[in-house]
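Thanks, everyone, for making the time. I would like to walk you through one model, beginning with the ligand site and then turning to a few backbone details.

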Amino acid sequence: MGISLSERFDALTKEKKKLLIPYIMAGMDDSWLDIVEAVIDAGADAVEIGLPFSDPILDGETIQEAGLLSLANGTTAFSVFAELAKRSLQVPLVVMTYYNIVAHSGHERFAGEAAAAGITGSIVPDLSLEEVGDWQDVARSHGIDSVLLVAPSTPHERTREICARSKGFVYAVARMGVTGEQGALSDDVHGVVSKIRAVPSPPICVGIGVSTPEQAFDVSREADGVIVGSALVRKILDGEGAQGAHAFVSSLREAIDR
Amino acid sequence: MWTMDPLIGVEVEMVDNAEMMMGTPDDDGRFGSFGGRFVPEPLIPACLELEAAFKDAWGDPVFVEEYESILHDFGGRPTPITFCRRLSEDLGISLYLKREDLAHTGSHKINNVIGQALLTRRMGKHKMIAETGAGQHGVASATAAALLGLECTVYMGELDTQRQELNVFRMELLGATVVPVTSGSKTLKDAVNEAMRTWVTQVDDTHYCLGSVMGPHPFPWMVREFQRVIGDEAALQSKELGIGTPDYVVACIGGGSNAAGMFAGFADSTAQLIGVEASGGAAITSGSPGVLHGMRSQLIQDDQGQISEAHSISAGLDYPGIGPEHAHLADIGRARYEQAGDDEVLEALQLLASREGIIPALEPAHGLAWILREAGRGIPKGSSVLLNMSGRGDKDVAQVLSILKGRP
Ligand SMILES: Cc1ncc(COP(=O)(O)O)c(C=O)c1O
């Protein structure tokens with residue numbers, strides 16, 4: 001069975017440890033599970049497992065490309081769960097996908113099979129505060145924490161409601177835009193983190209566009225954790241494999257622990 | 001209770017919203033179990049802003065008057081109803097066309113874009129982005145932007161930019177920028193994805209002018225309201241012309257905006273409402289419930305919930321989903337949805353051209369194909385049938401030429 005996302009993250013945050021969450025698109029590469037193990041070995045506190053969707057409206061080119069590869073490899077939610085269930089991974093696993101994938105299999109079945117594979121968190125970005133309720137209840141009954149997003153555009157009162165509902169951590173969207181690597185962090189990071197700090201919330205993890213150890217360091221000065229997706233996926237697309245992923249995540253770990 | 005309808009300037013009966021067939025959706029944007037607002041958090045505030053702005057504008061007589069007067073002076077409204085004398089004789093029914101093909105830019109799309117362009121300005125924004133498949137909505141958006149002095153960028157699947165080169169040039173002549181979309185299947189659904197991805201980055205000064213009754217709340221409702229002028233006019237004209245309430249009201253369905261606008265005028269009447277989908281993109285008759293582009297509706301998808309591409313002779317109907325209100329109307333049995341295939345559509349187009357002197361767009365030719373197939377069968381002889389002629393065929397003539405000439 002999986003490791004509770006909320007318990008693990010609360011404990012680590014209490015110890016003042018910064019959280020590191022790499023993202024990997026499941027099935028994008030034959031060795032994706034080895035890459036998951038490599039990033040855990042390199043110091044990941046949780047791993048975000050992406051499930052491909054044909055129409056990912058919150059993803060930029062890099063993750064779109066990985067998703068298309070994964071779909072071409074015949075990846076399905078249940079093939080991913082079956083493969084994950086064969087490994088025993090020592091950190092919380094957070095599934096990230098779009099709602100149609102969840103809705104299509106049905107909340108119960110999706111949550112049940114995800115939980116059996118060791119998944120203890122979910123990020124479904126197109127389930128907004130107004131729409132997330134049904135899924136959140138079913139997920140919770142299977143020990144899955146549903147993580148909600150706060151964006152730079154989210155007003156104060158809404159931020160409070162989202163943070164009260166978000167479980168495991170709250171996903172602070174680092175810029176008004178889709179996933180993708182960037183040369184410099186957006187000025188939005190400071191604003192969104194301090195907006196969340198002003199209300200009660202689970203640990204704050206910043207993602208979307210965080211690309212380098214330097215940027216991860218900067219973000220970790222303000223937030224509780226960092227999510228790194230496209231920059232890691234780009235390395236896997238470029239054929240750097242488990243070794244390259246390990247080296248990159250080690251450098252992120254070192255930066256945020258500095 | 002009776003009140004003045006701002007769009008048609010006559011007394012109409014006000015029906016209590018709860019009892020009304022095509023009333024406002026609930027607070028979460030639901031039509032029955034369909035609709036909603038399934039977009040990532042960064043876009044939610046923009047949707048809320050739009051909802052508030054639309055409600056405010058649509059209740060403001062000054063806004064409505066400007067919208068109406070532009071549709072009149074610039075858009076060519078009201079469009080007439082034409083009786084098809086020869087085809088009616090052939091078929092043993094009375095066939096009428098609501099002539100949206102005579103509206104400016106050649107289709108009903110102008111009604112929606114004038115509304116949304118005015119709203120863009122009212123929200124203090126100066127840019128519009130839009131998606132387009134065949135290019136009709138793109139051309140209409142570029143037109144409205146030119147009229148009101150807005151910047152306009154149109155996202156169009158790369159495959160579609162090649163298939164519809166002339167429409168790309170039209171948009172450019174109108175001052176818009178056309179961005180070919182190379183992601184995913186490089187067609188309409190990917191153009192919507194890309195427009196949404198771009199909208200996130202510029203919500204402060206940009207409105208997303210969606211082209212049909214789809215997307216997150218308030219779009220399906222707002223676009224239907226901007227298109228209801230078709231049905232409101234047609235209902236009034238039917239009375240004036242002595243048709244009364246037509247037995248059948250027929251419209252083709254891509255996302256469903258021309259049909260929604262038409263149906264809105266007849267939802268509370270006895271008319272049978274028929275939506276005709278392309279058989280290669282039939283979301284209601286061949287799809288299943290799902291969530292795409294911000295809405296819960298009927299979608300064409302595989303057994304894992306991956307969205308399929310739609311394929312038909314008409315690019316304007318190649319959308320794997322359908323507006324949520326149609327999914328609801330089908331659910332409650334108020335409207336019926338049928339299919340038409342490529343071959344019968346081509347026949348229908350040629351027949352209307354040669355028998356009535358009207359070259360229809362391929363999209364409404366789907367509606368006609370269904371009527372031709374059913375007249376005297378599913379449609380009893382003597383019935384009155386009103387078809388929404390949503391657009392003219394000029395844009396399709398080159399394609400039809402190559403298909404007909406290429407045939408053995
Ligand atoms: C003439 C015409 N009719 C119909 C449609 C389909 O759209 P809708 O179903 O929103 O009316 C299009 C779309 O391009 C069109 O150009």
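Let me start with the composition of the shell around the ligand, whose residues divide into four nonpolar, 12 polar and two charged. Please keep in mind that this is a predicted model. In total, 18 residues surround the ligand, and the closest are Ser212(B), Gly254(B), Gly256(B), Ser257(B) and Ser390(B).

Of the 390 Å² of accessible area that the ligand has on its own, the protein covers 96%, and the space that the ligand takes up is the largest cavity.

Which elements of chain B give two or more residues to this shell? They are β11 (248-253) and α10 (257-264). At the level of domains, the shell draws at least three residues from domain 1 (31-74 + 108-219) of chain B and at least three from domain 2 (81-106 + 228-405).

Now to the backbone. The peptide bond from Arg77(B) to Pro78(B) is cis, with omega near -5 degrees, and Pro78(B) sits in the loop between α2 (61-73) and β5 (81-83) of chain B. His217(B) and Pro218(B) are also joined by a cis peptide bond, with omega about 15 degrees, and here Pro218(B) belongs to the loop between β10 (206-208) and α9 (219-240) of chain B.

Terms used: Residues numbered from 1 in each chain as written. Chains lettered and ligands numbered in written order. Predicted model: local features only at pLDDT ≥ 70, side-chain atom pairs only at ≥ 80, totals over all residues. Heavy atoms only, no water. Near = heavy atom within 4 Å. Areas by Shrake-Rupley, 256 points an atom, 1.4 Å probe, with all protein chains shown as cover. 1 Å grid on protein atoms, 1.4 Å probe; cavity = no way out; pocket = protein on both sides within 12 Å on 5 of 7 lines; lining within 4 Å. Sits in = over half its atoms within 2 Å of the grid points. Helix = DSSP H or I, 4+ residues; strand = E, 2+ residues; numbered from the N terminus. Nonpolar A, V, L, I, M, F, W, Y, C, P; charged D, E, K, R; others polar. Domains from an automatic or database assignment.
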